[in-house]
Amino acid sequence: MATQSQDMVGKGKQGLLSRYAPGGFYCELFEACKDDAEAANELVRRLNAFSTEDLAERALAAERELMLLGVTFTVYSQRNRIDRTLPFDVIPRVLAGAEWERLARGVIQRVTAINLFIADIYGAQRVLADGILPKELVLGNENYRPVMRDITVPHGSYVVINGTDLVRGGDGQFRVLEDNCRTPSGVSYVVENRHLMQRAFPDLVQDLAIRPVSDYGQRLSKALSELAPSGVSNPRVVLLSPGTYNSAYFEHVFLAREAGITLVEGQDLVVEDDRVFARTIDGLQEVHVIYRRIDDAFLDPEVFREDSMLGVPGLVRAMAKGRVTLANAIGTGVADDKAVYAYMPRIIRYYLDEDPIIENVQTYVCGEKEGLAYTLDHLSELVVKPVGESGGYGIVIGPHASKEELDEMRDKLKAEPHKFIAQPMIELSVAPTLVDGEVGPRHVDLRPFVITGRDSWVLPGGLSRVALRKGSLVVNSSQGGGSKDTWVLD
Amino acid sequence: MTRLLARFAECVFWMGRQVERANALARVLEVNQAYSYDTRGGRNWRMLLRLYEQDEEFLSKHGGVTPEAVLFFHLLDETNASSVRSCIAQARENARTLRPIISTELWMQLNGFYRSLLDLTPVDATPRRLSRLATMIKENCQTHVGIVRETLYRDETYYFYVMGQEIERADQTTRLLWMKYHQFLPMGVEEGSAVDVSQWHALLRAAAGFQAYSRAHPANPTPESVMTFLLYNPHFPRSLLCAVNEVTDALSALRREHYLSNGALAVKHLWSFQSALHDQTIEEVTQKGVDETIDWAQRELVKATDLIALSFFINPATGPGVD
């Protein structure tokens, strides 16, 4: 695999990548160099001009800068708040322009279908009547919100901000691993990583045709304004954050700043006469669109959790009356449920009459008889995931699991099969990564972000997460994952 | 675009206060060190606790009043909400909240300052190293103020910063005077003696006002002239009057330029405070007692803060904008 590129890489005997070998996995960088792709090959040449020490030195300086900038997430130990930077790998992950175009079309297709699906399940429920997926899976889903029944949203955009997790297997095909339709995070790292690369590695970035990511904020702002309740010509848009103690607060700051919208907390908002107002130094001012980074459950103590201190009493009433738009809408969590995911190819065909541009990973729904039987028979080959969890928690990777772990999983599957899905293990693609003074292959995924106002737009590239532990397939930041700058090269 | 959130106004007001307080504390500790070279050193360290009405809090945590313990308490003690470390931690917390509306440079500098304070150990706050630490604190505070001037957008936000900063400055100047006054009176240092003159010099230096004072009063300092200077000089940035003028101007400009009808009571209060300061003479002050004047000034400042808070910040009962 990739012999041509490896020859080329070998030419720089002392170069950074001279001792790098992808170990039989699909290497994102080498494959991007194929077909004499000019920009990617130029990048490899420039990388090879570095020694590992040079690179490590600059990486350390970059890490320090992230700390001072406060591009951090917060970890709580028993008594202290600790600010951590998301580990950042300075060797960019590369995507060829033409390949990216296809991915971009694929994620937009998916978001389009998801929005039609959500409008349907809270409206006519044709998809259920036609038996495309089990009624119970939707209506009995813990993220299905009856309060949304018969409520429509501007431009049918329920999932205004979407993140789709893609992985590439040994065959070189991208597949969708997971949808994130509630409050997907990570986009701030995409933009900040790029800025950091431009500052710390001007010699690497210079004159390469890298598609820009810096207009994310303007795109977001435009889409949010388009979603204002009808009749509001100059909408006031805010971002509702749980506050400075939230681990993603930096991202909220970033988004508010980049989009030029006000960052509010629940205590800043008040509902009067079914209208939402912000408390300003000049008294109350009406708010029309809320990009909320708070889960449904905490949004409005009148409707959801009564003990929520983060939300705004009456917010759902105001939304239902059409006085304020919430982005994302309430109840989008059904669409990124791991069991509903299995039906997504059918959902795309049902609403769009098109084949999915990006396939799903083969998925066995353990709540279905055949799915469960197959999973139990092939447990040691499969990855089993609990449907309600996120962040990579509760996953059992069959080929890596001990006998005890497998037995435990088998018992859980038999007891509560509907709580799990199973997928074949994917040999995630790798990218050269600097870890402990050495450049080696590490597994990566990709999360492109789609913004949907009147139309949909995809941020070129997206978040590349990288599993920094050797051999690990788990890229989540809570479990030793880091990130890379993602370059769509033309 | 929404107007400035009441919560942001409050955060920026306090950020201004907290940095100013850290700055003033570094100055007070340095001047105290200068006083403490005389024979009554031990007494001075106790005064430093009374200055901020923290004697009880201190004694509940520390055994005896030693220079080391007092310095640690004021500089690095995280459990003391008024220590320099705590002030800067709170200022940084406020800056974190304000990040969407302040410059990256403003945040980075304060974050870096906070981190360098975190790195300090008790030995960095001992008398021998005090001067170095005080200089580091002052320089960081002044850099912060410079970045505020250079980069903070001059909308409502800026005026709230200035009001916080100047109210704190006014308060701290009265405390500096109080300290001198209390060390001076009962100790029986003869007025005009070498010790006395050097203490007044130290006081002026603590306020970075020695040169300014020399321009206004070419003769040797007397208690009256230094007090007059620190209380009533309209041009010296750290004088009480100058700070009160700045607060009043900021509030007036805020209301005028941003068409705010609330805050009228606060303005009225500041006007009367201002004119009372104008009318006062140092003779009246010494007659009434310096203590009483200082108490009065501090009460006026507290009231100004309360009225500003009532008009503009989130008030659980009524929300902002009540008058």
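**Figure 1. Contact between helices α12(B) and α13(B) in a predicted model.** In α12(B), residues including Leu240(B), Val244(B), Val247(B), Leu251(B) and Arg255(B) meet residues of α13(B), among them Ala264(B), Val267(B), Trp271(B), Phe273(B) and His278(B); contact means heavy atoms within 4.5 Å. The residues of this contact comprise 12 nonpolar, four polar and one charged (nonpolar: Ala, Val, Leu, Ile, Met, Phe, Trp, Tyr, Cys and Pro; charged: Asp, Glu, Lys and Arg; polar: the others, Gly among them). Residues are numbered from 1 along each chain as written, and chains are lettered from A in the order in which they are written. Local features need pLDDT of at least 70, side-chain atom pairs count only at pLDDT 80 or more, totals for chains, interfaces and linings use all residues, and side-chain values use heavy atoms, without hydrogens and water.

**Figure 2. Packing angle of α12(B) and α13(B).** Helix α12 (residues 240–257) and helix α13 (residues 264–279) of chain B pack at about 150°, with axes 10 Å apart (axes are lines fitted to C-alpha atoms, for helices over the stretch in contact; angles run from 0 to 180 degrees between N-to-C directions). Therefore α12(B) is roughly antiparallel to α13(B), a term for angles over 145 degrees. Helices are DSSP runs of H or I with at least four residues, and strands are runs of E with at least two, numbered from the N terminus.

**Figure 3. An open sheet in chain A.** Four strands are ordered β14-β17-β15-β16 (chain A), with antiparallel pairing; two strands pair if DSSP finds at least two bridges between them. Because β14 (364–365) and β16 (396–397) of chain A each have a single partner strand, one side of each lacks a neighbour in the sheet. Two bridges join β15(A) to β16(A), and Val384(A) stands opposite Val396(A) in β16(A).

Definitions and conventions. Angles under 35 degrees count as roughly parallel, over 145 as roughly antiparallel, 65 to 115 as roughly perpendicular and the rest as oblique.
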